[in-house]
Each structure stands twice: as C-alpha cells, then as structure tokens.
Amino acid sequence: MRVAGKGVIDRSKAVSFSFDGRRYSGFAGDTVASALLANGVSLMGRSFKYHRPRGVLSAGSEEPNALITTGTGAGQEPNVRATVQEIYEGLVTRSQNAWPSLDFDVMAVNDLAAPFLGAGFYYKTFMWPKRFWEAVYEPVIRKAAGLGALSGQNNPDTYERAYAFCDLLVIGAGPAGLMAALTAARAGADVILADEDSLMGGRLNAESGAVGHQSGAVWAAGIVAQLSAMDNVRLMSRTTVTGAYDGGMYGALERVNQHTGIRGAGAPLEAFWRISARHSILAAGALERPIAFRNNDRPGIMTAGAVRAYLNRWGVAPGKRVAVFGNNDDAHRTARDLAAAGVHVVALIDSRPDAVIEGATFPVFKGAQVCNSGGRKALESITIRTDSGEEALQVDCLAMSGGWNPTVHLTCHMNGRPSWREDIQAFVPTPGSIPDMTVAGACNGVFSTRACLSDGVEAARTALGALGRKAPAEMALPEAEDTPYALSPLWAVAGAGRAWLDFQNDVSVKDIKQAAAENFSSVEHMKRYTTQGMATDQGKNSNVAALAILADATGRGIPQTGTTTFRPPYAPVAIAAMGAGAQGHGFAPERHTTSHKRSVAMGAPMIEAGLWYRPSYFPKAGETTWQQSCDREVGYVRKAVGICDVSTLGKIDIQGPDAARLLDFVYTNMFSTLPVGRVRYGVMLREDGTVMDDGTTARLGAEHFVMTTTTAAAGNVMRHLEFVCQALHPEWEVSCTSVTEQWAQFAVAGPMARALLNGMLDKPIDNESWPFMACGDVQLGGVAGRLFRISFSGEHAYEIAVPSRYGAAAFDALLGRAEQMGGGAYGMEALNVLRIEKGFITHAEIEGRATAFDIGMARMISAKKDCIGKTMAARPGLVDALRPQLVGLKPVEPGGRLTAGAHLFEREAPAIRENSKGHVSSVCYSPELGMMIGLGFFAAGPARHAEVIRLVDHLRKVETEVEICHPVFLDPQGERARG
Amino acid sequence: MRIECPMCGSRDRREFYYQGAAVMLARPDPQAHEADWEAYLHLRENPAGPTRELWQHDGGCGAWLVVTRDTVSHQISDTQLAADVKRAMGKAS
Amino acid sequence: MVELKQTSPCAGLLPVTLGDVTMSELTPGQMTCLTAFGDPADLSAALERAHGMALPGPNRSSGKQGARCIWFGRGDVLLIGPAPDAALGAHAAVVDLSDAWATVSLKGAGAVDVLARLVPLDLREGHFKRGHTARSQVMHMQASVTRLASDEFMIMVFRSMAGTLVHDMKQAMAAVASRR
C-alpha cells in the first residue's frame with residue numbers, strides 16, 4: 001500500500017513488470033520487493049529446506065528470503081534478491097523453490113516432517129547403504145532442496161571486467177562515506193566512491209530525520225551532485241565492493257544493465273572491477289538483526305529498519321496494522337514514522353522493562369516479548385507475553401529489531417578477526433585488519449547520524465595524512481540526529497516451537513543447541529553441522545545471534561566463542577563477470593601465421609599448437625580420409641618437393657661479445673666452434689639433467705646467432721635464456737630478442753627443393769655454395785631473406801625466411817612452384833610421419849622426464865665445458881643402462897597396429913603395471929615402409945635391437961608384437977639430406 | 001596483489017611469473033659436492049615469515065626480480081633486479 | 001624472379017569505429033630493437049647524432065611522430081620510423097622488428113576507458129602522460145602501450161595476434177560505447 005507524500009520514487013513514471021505471470025505496476029525507483037509490497041504481495045518465496053512461505057525480511061542485499069529468478073530462456077538469472085532488483089518496463093520475475101506454485105507448494109510437506117529433519121539429519125540418515133548416496137539420496141535431495149536454477153544453456157549475456165585506480169576508495173555512500181569522499185575530494189585526492197545501492201545516501205534515504213534544514217535524502221543528493229561535478233571523483237553506484245585483497249586491491253561488482261532491459265550489442269549486464277587504491281575508507285554501514293521467536297518467519301515479519309526504508313524511501317506501508325518489537329531505542333523510530341504517516345501502529349513492544357519511550361501515540365508494552373505468530377501464508381496475528389500473561393494482537397506486519405551489526409565483512413578478508421563490543425552487543429572491525437584501510441560510521445559502531453558525518457570527516461583526515469595530502473581546514477557539519485543508541489541483548493525469546501535464526505537455511509535456535517549438545521561446539525563445526533551462515537546471504541542476518549546462542553549453550557562468552565571466517569565475495573558474483581571476455585575467441589590469443597588465410601582457403605583443418613593454429617593436412621578432391629591426404633603429402637617430400645609453414649618455431653636473435661659463451665652454457669654441445677654461415681643442432685637441459693628443448697642455431701656473424709626452439713617451448717626457452725643472462729651471468733654482454741614474429745619461415749623439402757628455390761632466388765645456389773647445414777642471406781625479388789639448409793624430414797631441404805609482411809606472398813609463390821613440380825603443401829600430419837621415419841624427436845619424446853642419455857644423446861654433452869644440467873645429468877640414476885631409452889618399433893606382422901601411449905612388456909610377461917618396461921611415444925603409418933612404425937622408450941632398448949616384445953594398450957584394447965629397431969627407419973646414413 | 005617492479009613501478013600481479021626461491025641465483029660450481037647441488041636444486045625452506053623469491057615481469061619489462069615477501073601477511077617489503085642482486089653477490093664473494 | 005607483395009598485420013581488420021573511439025592500423029615505418037652494450041650513454045650519443053633523439057629512460061619515449069624511440073623493456077628501446085644508422089651497431093645489438101608487431105592507434109574521448117577494460121595499467125592522465133610508454137598486457141597478450149595524446153594511444157602486440165587484438169578491442173569498445 002502506497003502512502004501519499006512519502007518516498008523518493010518518481011511517481012510520474014509508472015513501470016509495469018510481472019511476478020509469477022501476473023502483471024504489477026510500480027514506479028521508477030522501486031525494487032521488486034517495494035513494488036510487490038505496494039501491491040499487497042507479501043509472499044515472495046519458499047524456504048530452502050522446509051519450503052515454508054516467506055516474505056521479505058530486509059530492504060537490502062542481505063535479503064535471505066525473497067530470492068527470485070529474473071528473465072526467461074537462456075539468460076534467466078536465479079537467486080536475484082527482490083530487495084536489490086530494480087524494476088524496469090517489461091521485467092519478468094518469478095518465484096523459486098516451489099512446485100507447482102508459490103501459493104501451493106507440495107514440498108511444504110517437509111515442514112510437517114521437520115522433527116526428523118533437524119541439524120545433522122543428512123549426516124545421520126544417509127549413511128547406508130553406501131552406494132545409495134550417489135544413486136538415490138543425492139539426486140532426490142538435490143531436487144527437493146536448493147534455490148533457483150540456471151537455464152542449462154549458454155549464457156547469452158555480455159559481461160565486462162575493468163581496472164580502476166585511485167588514491168582513495170570510499171566503500172559505502174551513507175552519511176560517513178559521503179562526508180569522507182567530500183573531504184578527501186576537496187583535498188584534491190583521486191576518489192572513487194562505490195555504493196551497492198542505485199541511490200547514494202545509505203540510511204539517509206530510509207530515515208525521516210533531517211540533515212541540516214533538509215531531509216536526509218535531499219541533503220545526500222546535494223552532496224552527490226557536488227561530488228559528481230568534481231573531476232577527481234568517480235561515483236560508482238550499483239557497485240558492491242566484494243573483496244579486499246593484498247596490496248590495496250579491491251574487487252567490485254557493478255550492475256550495469258540489471259536495472260534496464262538493454263541486452264546485446266556488446267552492452268554488459270555486469271562489470272567486475274579490480275580497483276587499486278592507495279588507501280580505503282570502509283563506510284559500509286550496519287545490518288539489522290532479527291529476534292528469534294516461534295514462527296518469526298511469516299511473510300509480513302521484517303526488520304524494523306526495513307519497514308522504515310519501505311515507508312520513507314519507497315512510500316510503501318508494508319501492512320495496515322503494524323506492530324513493532326525491539327530491544328533498543330532505534331526500533332521506536334519505526335513506530336513513530338509509521339504513526340506519523342498515518343499507518344495504524346497496533347503496539348510498540350520493547351523487551352526492556354526500563355525502556356524510555358516518549359511521545360507515543362500508540363500502545364506501548366515494556367518488558368514484553370513477542371513469543372509466537374499466527375497466519376498461513378501471511379502474518380495475521382502475534383502473541384505477546386507480558387508480566388500479566390499472553391495476549392494475541394491482530395497485525396499484518398511486524399517490525400522487529402534485535403540491534404545492529406556493523407558490516408565488518410571486508411575487514412576479515414585478509415585474516416582479520418573482528419572485536420566484540422559489549423556496549424553495542426556487536427562485533428566491530430579490529431583496527432589494522434586490512435592495511436591502509438580506515439573504518440568509519442556505523443560500520444565502526446558509530447550509530448547516530450551526526451556522529452557518522454563527523455566520523456566520515458575524521459576518516460578522510462586519516463586517509464589524507466596517509467596519502468601525504470593536506471586535509472581541508474574545516475568541514476562544516478550539518479545538524480543531524482544525535483541520539484545515543486541503547487539496547488540490552490535479546491537473541492531469542494524463550495519458548496517451545498521453532499524460532500528461526502537463519503532464514504535462508506532454515507536453521508532454528510533448537511538446531512544450534514542440538515549442535516552444541518552433540519559437541520559441535522566450535523563455531524566452525526556448528527556452522528557446517530547446521531548449515532547456519534551458508535548460501536547467498538552468508539549468515540549476514542543470523543551469524544551474531546547464532547553465536548550468542550552457541551555461546552550460551554556452551555557456557556562461554558561471545559568473544560570466546562569467536563566468529564566464523566568471512567571470505568570474499570561479500571555478495572554473490574557471477575563467474576561470468578569475473579571471467580568476462582575470456583570466452584570464445586577471447587579465451588586465449590589465437591596466433592595466426594602469414595599462410596593462415598591461404599591454408600584455411602585450401603580447406604585445411606587447423607590444429608592448435610600452443611597458441612598457434614597450424615594446418616593438419618590439405619585435403620584434395622576425391623580424398624575421403626585424412627590418411628589419404630597425409631600419405632600424398634609425405635609423397636611430395638619424399639619424391640618431389642613439399643612446402644610447410646614453420647614460422648611457429650621460436651626464433652631468438654642472440655647478439656653480443658658473449659653470445660657464443662651463452663650458447664655453450666645453455667646447450668650441451670659446443671657452439672663457440674660453429675663457423676659463421678653454418679647451422680648446428682643443439683640440445684638444452686634443465687638444471688636437473690632433463691632435456692628442456694632442442695633445435696638448431698645458426699651463426700650469422702661472429703657475435704650474432706639465431707636460435708630456433710620448438711613451437712611449444714619457445715616461451716619457456718626465452719624465459720630460461722633471460723634467467724641465465726640476468727640471474728646467473730649478468731656480467732655477460734649478450735642480448736636475446738625474440739624474432740619469431742619478424743620472419744615468416746617455410747620448409748622447402750624434397751629432392752626438387754633446390755630446383756624450386758633457384759627459380760625464386762635472385763642468385764641461384766648449388767651444393768658447393770650451400771652445403772648441408774649452411775645458412776646465409778639471400779634475395780627474393782629484391783626482398784632480403786635468410787636461407788638455412790636444414791632438414792626435419794631427412795630429405796634435401798631448406799628453410800627460407802622472409803620478413804613477415806611478405807609471408808603470405810612467399811607462401812603463395814612457393815606453393816605455386818611446388819605444384820608445378822608435382823609437389824605441394826604439407827601439414828602437421830605429414831610432418832610428423834616424415835620425422836618419425838627419420839627418428840627425429842619432438843616433445844612427444846622429450847616430455848619432461850627424458851634425459852639426454854635416454855634419447856641417445858649422452859655424447860652430445862661436451863666434456864670440454866660446463867653447461868646447464870651437466871652435473872646433474874651425470875647422476876648414476878640418470879645414466880643407468882636399464883633406463884628406458886629411445887628405440888624404433890615396428891610390428892612383427894606388417895598389418896600390426898601401434899598406438900602412442902601403449903606400454904611395452906617382455907614377450908612372456910603379464911601386461912601389468914609392475915612389468916611395464918617402457919612406452920610408445922609416437923606412431924604413424926609409413927607409406928614408404930608400408931606399415932605402422934613408432935618411437936618409444938624401452939629398458940636397455942638400444943642393446944636389444946631385433947628382439948621382439950609386446951605392445952599393450954589397455955585403454956584402446958590393442959595388443960601387438962613389435963620388434964625393437966634403430967629409431968632411424970629411413971636412409972640411416974643421411975645421404976638424401978646431404979645430396 | 002601488486003608488485004613493485006624496479007623498472008616499471010607498481011604493477012598488477014597478473015603481469016608476473018613466479019619461479020621459486022631466490023636460492024636459484026647461487027648456482028654451485030660444477031665441481032661442487034653432490035650435496036651442494038642437491039640443496040641448490042631440491043632443498044627449500046618453507047618459512048612462516050619473510051622469504052626471498054624469484055619472479056619475472058614477463059607481462060612487462062621482462063626483468064627477473066628478487067622479491068622479499070612475507071608468507072604470513074603477503075606483504076612485499078622489497079623488490080630488486082635479480083641482475084643487481086647477482087652482481088652484488090659476485091662482489092661479496 | 002619473384003615479386004612479393006606486402007601484407008600488413010591488420011589487413012582487412014581495421015579501421016573500426018564504435019561510439020567515439022576509432023582503432024586504426026599504424027604503419028610507422030621501420031622498427032628496430034636496440035639493446036645497449038657497454039655504457040648506454042654511448043648509444044644515446046650515437047642515437048642523438050644519427051637520429052636527433054636521446055635514448056629514452058624506462059617507461060618513456062623520445063623523438064616525435066615519424067622518428068620516435070620508445071622504451072621497450074629491460075635494456076631495450078624500439079627505434080620507430082627511420083632506418084637505423086650503421087653507427088648504432090657499435091654500441092648496441094640491432095635487431096629488425098619491423099614485421100614482428102601489429103601496431104594500432106586507439107583514438108577518441110573513450111579510448112582510455114576502452115583500455116581500462118583490457119590493460120592492467122594506471123592510465124590516469126596525471127600518471128600516464130603523453131609520451132609515457134609501458135610494457136604490459138592487453139587482455140592475455142604481451143603489449144606495448146604508449147600515450148600519443150590525451151585521447152590517443154599506440155598499442156603494439158605480436159603480429160600473429162592481430163586478429164585477437166581486434167577482437168578483444170572491439171568487445172571493449174562496444175561495452176564502452178553502450179555506456180555513453
């Protein structure tokens with residue numbers, strides 16, 4: 001029911017939305033909760049476990065009951081708090097956790113079974129039979145319990161993440177936060193003021209008291225206007241600071257378009273901010289706590305502060321006949337505000353016999369308590385207990401207040417523990433919990449408006465001092481309410497029946513006592529045993545009361561009982577917001593070579609090699625399997641000429657007087673002896689003696705080398721070289737620069753390779769001028785390139801490099817010529833066959849465990865010099881003759897199948913783990929040999945060539961007799977490459 | 001978390017690569033005793049308190065850093081270029 | 001003889017305008033990485049003699065449009081524009097990187113907001129002024145970011161990542177445009 005003349009909503013703008021299929025009308029500025037209350041709807045959800053009818057408890061993000069689903073279809077959003085969700089034209093919402101309807105929920109039968117479903121019910125009941133847990137119990141429980149559901153489809157919404165920097169982050173824009181921001185901004189500091197509400201002002205928008213000569217809301221709007229006109233201030237409304245992290249980093253979630261219907265076209269629904277602040281002021285306010293009494297969860301029962309918020313901010317009376325129940329003076333305001341607005345106040349019940357209540361125009365009960373409520377899906381009556389007995393009152397709304405808890409959460413995110421303050425019966429932040437954070441206002445246990453304004457200024461002075469800035473000489477403070485806050489503790493009203501503490505998890509006073517009785521007396525154990533403090537509200541409404549009851553039940557004080565740990569995020573954050581952008585093409589950089597477009601145009605399926613995309617094979621008309629394409633491409637290289645883009649291999653330009661010394665140190669073999677104009681193969685080790693990578697290095701000048709790495713290890717090798725140059729030998733004059741991207745490089749391989757190149761090079765080459773392992777500068781149509789005579793296929797082959805801008809054109813030209821000569825492009829599949837036939841290794845072999853000894857390269861570790869890994873590679877265990885070592889494998893029967901990953905066993909040994917003597921690392925079908933061949937590791941393998949062993953692949957159910965052979969299957973003398 | 005790079009200034013932790021204890025700077029002599037090599041490669045302190053670590057600013061300037069970080073508070077008290085630390089070690093020995 | 005045509009890293013991808021921000025490819029000419037050997041002052045003097053600009057310190061650039069030198073990481077600077085004078089080779093490793101980087105300009109009042117979505121740098125004008133440069137990241141990519149003007153930045157990422165750069169930038173540009 002709307003109350004005329006109240007609220008800061010825009011009554012000129014009607015907004016219609018739907019809830020559970022029915023259309024309702026509200027005003028701009030309404031939340032779903034305020035608009036539904038204005039429409040007389042108080043039933044908004046069903047509880048988690050017992051499916052009890054529930055209405056709103058609060059008016060903020062701490063709401064435990066009124067969780068709704070917004071939107072429809074793929075983008076539907078579950079567990080949205082009706083107290084936070086603003087209405088907009090066309091907004092569709094619905095209730096959760098009820099079937100078939102919110103009004104009639106069959107699962108409410110759980111409530112009747114409640115005596116059996118108390119704390120520890122799951123743990124005690126679903127113990128046996130063991131296999132029933134996964135098959136029966138869990139699915140049933142999951143279906144019956146729970147909150148809202150996701151759509152199960154891909155989320156179509158866009159999210160955003162962003163960075164922000166400031167001198168001072170002010171968290172919360174209530175009286176303390178506004179004054180803090182204003183003070184700091186006037187001193188010239190860069191200020192970010194973040195507030196989770198759509199309207200800045202905090203409680204000032206919810207209270208009737210004046211600030212200066214204005215209403216609190218108008219005063220707040222004035223300050224916000226001043227701040228927004230300042231260049232050094234950034235106002236972030238609808239932004240919840242969700243976590244405090246090391247080094248002044250804060251996470252914050254901004255609801256960018258949750259309050260509009262705007263979707264698509266790149267407009268984000270939410271943004272996750274990472275804010276780096278030199279200092280912060282936490283002015284997050286306080287949360288009101290309910291009082292536990294029997295049936296205190298009926299729709300219509302809410303906190304006293306929430307009732308005032310609905311009345312003063314949204315102009316809504318949550319009931320026609322309202323009672324107020326509290327243990328503190330603050331609750332009296334609710335009764336006074338309601339009465340002043342013309343709402344019938346049935347009673348003000350104060351649990352303190354000595355409470356001072358002035359100017360009451362309504363019945364007052366001192367030293368009384370509410371001990372029960374009546375009604376079905378809405379509150380109809382309450383029972384109050386006074387010295388003269390029990391009495392029923394007909395009410396449709398009860399405002400309750402057990403006092404206020406400072407919002408200490410963020411101060412606990414870095415292991416801080418809050419301190420108990422007896423006078424306010426609440427925890428306050430322990431100073432220093434978060435480095436460079438100052439706490440101000442209600443969040444610090446300062447409750448009057450005037451004191452909050454002044455505390456905000458003081459906090460800003462502290463912050464400015466820390467920032468090395470001068471605070472403004474004087475900050476005028478407006479007149480404002482400055483009454484003391486007095487209360488005496490009342491956590492739960494004695495009596496039978498279930499008195500609810502944690503509304504979201506259906507935890508009652510009895511459950512806490514039972515946990516204590518069963519010796520779950522540590523607060524962390526109690527939490528897990530009862531589920532108190534879990535789910536979306538994280539116990540914001542119930543933690544302190546539950547602690548108090550646990551303390552009482554275990555005979556300890558509250559500070560001795562301790563608190564559970566508040567962790568980020570303060571309020572729920574969608575994973576989609578934190579990972580914004582990193583999906584689809586944004587998941588990781590996609591590295592494309594200069595031949596990418598042409599390869600895709602040729603129909604090549606691309607495979608990922610690290611971040612690179614490389615062609616798997618190039619299908620031709622008539623080919624139905626990849627194997628056919630692969631065999632053809634292998635044939636190009638063995639019989640004519642093949643072209644392959646090898647630009648993805650890492651290329652590192654190494655220069656300087658100490659360049660050769662660096663290479664000698666990182667490679668096992670000598671590079672200082674390499675002549676200019678020549679290339680050498682090298683192996684590098686990790687310091688523990690394991691092979692790190694291999695590749696060729698070319699000497700372009702006396703002090704100038706170009707190292708190549710494998711595609712996969714390029715980044716690691718670069719980092720390794722930098723480590724050596726900076727951390728081990730900073731005295732060396734040597735520079736390493738990645739030139740991977742500068743050069744487009746193509747393998748030209750096959751008997752006709754030189755003929756092809758000579759048709760393209762400005763100056764032809766021959767075997768004299770360009771023998772095997774030669775390198776140097778060349779010109780192609782005036783373009784300066786580099787030519788290396790190296791071979792990864794065993795054939796007469798070259799790699800030609802041109803600046804990347806010419807890469808696409810060079811690939812086209814090479815390909816055109818190759819095709820005229822009966823060759824063409826080859827992809828990764830063919831490349832793999834070509835190298836296995838020659839026994840060349842890749843990271844399938846040097847997979848992080850293999851040593852130089854294992855791959856037959858122990859002799860490459862030069863005895864004449866030190867190198868990384870040399871000492872440790874000599875450990876006896878790493879050169880044990882029985883270690884599995886590199887061998888070739890071929891099937892005894894020509895049709896026999898080989899699989900990579902299979903284990904190798906002695907012929908007669910059972911194929912069990914203990915008997916495994918090695919494994920298969922790479923396999924392929926060799927068109928040249930007409931059978932499958934493989935590379936693998938077998939214990940003492942090099943000594944056992946020509947012996948027959950057994951290959952067993954348990955996973956693919958393959959078993960093949962294989963013969964051990966030399967890993968080089970083709971042209972063992974290497975004549976083809978030299979020819 | 002933020003790390004003060006001596007070259008680039010205060011930067012987001014995501015720009016840095018973590019390597020491990022700064023022990024790695026003190027590579028033993030090739031002829032050193034096996035135990036020295038084992039300690040260099042495998043033995044690490046696990047202190048509750050200040051520890052010296054190697055990080056690389058690989059999403060930035062590429063410098064290797066020696067970072068002194070408290071494992072209890074996560075507070076970083078010092079960052080230096082590994083090259084400078086290594087040079088100083090050379091002078092000290 | 002062959003005739004090889006050139007292709008720029010962002011060919012077919014740029015320019016793009018969304019809202020008040022435009023991303024376009026820059027073709028700044030030759031780009032040369034210089035790493036000083038010995039005393040960097042010698043390299044600075046040689047640079048001054050040959051190209052009229054001093055060696056920039058960390059996070060700074062020198063020169064002007066057409067002939068600029070930007071700091072490019074520990075020990076490295078990138079000479080952008082002129083072909084490097086042969087005399088530089090006496091004081092530094094000289095490495096041609098003209099083709100290694102995709103170079104784009106991001107210009108417009110919202111450019112700084114677009115970058116705030118992708119780059120973990122403090123780009124507030126008082127902290128990252130015209131002529132300031134940084135090695136950092138754009139989303140997941142190693143990058144170089146230089147402020148050319150109050151509302152214009154030069155962004156460089158590896159050439160092979162040009163497509164991803166344009167993808168990530170467009171997404172951020174669309175988000176910023178939607179807020180205006």
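Analyst: Happy to. Two residues are in contact here if their C-beta atoms, placed from the backbone, lie within 7 Å. This is a predicted model, in which local features need pLDDT of at least 70, side-chain atom pairs count only at pLDDT 80 or more, and totals for chains, interfaces and linings use all residues. Residues are numbered from 1 along each chain as its sequence is written, while chains are lettered from A and ligands numbered from 1 in the order in which they are written.

With domain bounds taken from an automatic or database domain assignment, chain C has domain 1 (16-27 + 99-179) and domain 2 (30-96). Their C-alpha centres are 23 Å apart. Where they meet, 8 residues of domain 1 of chain C are in contact with 8 residues of domain 2 of chain C.

On the domain 1 side, the elements giving two or more residues are β9 (133-138) and β10 (141-149) of chain C; helices (H or I, at least four residues) and strands (E, at least two) are DSSP runs, numbered from the N terminus. The largest share of that side, 3 residues, comes from β9(C). By class, this side of domain 1 of chain C has 2 nonpolar, 5 polar and 1 charged residues. For those classes, Ala, Val, Leu, Ile, Met, Phe, Trp, Tyr, Cys and Pro count as nonpolar, Asp, Glu, Lys and Arg as charged, and the others, Gly among them, as polar.
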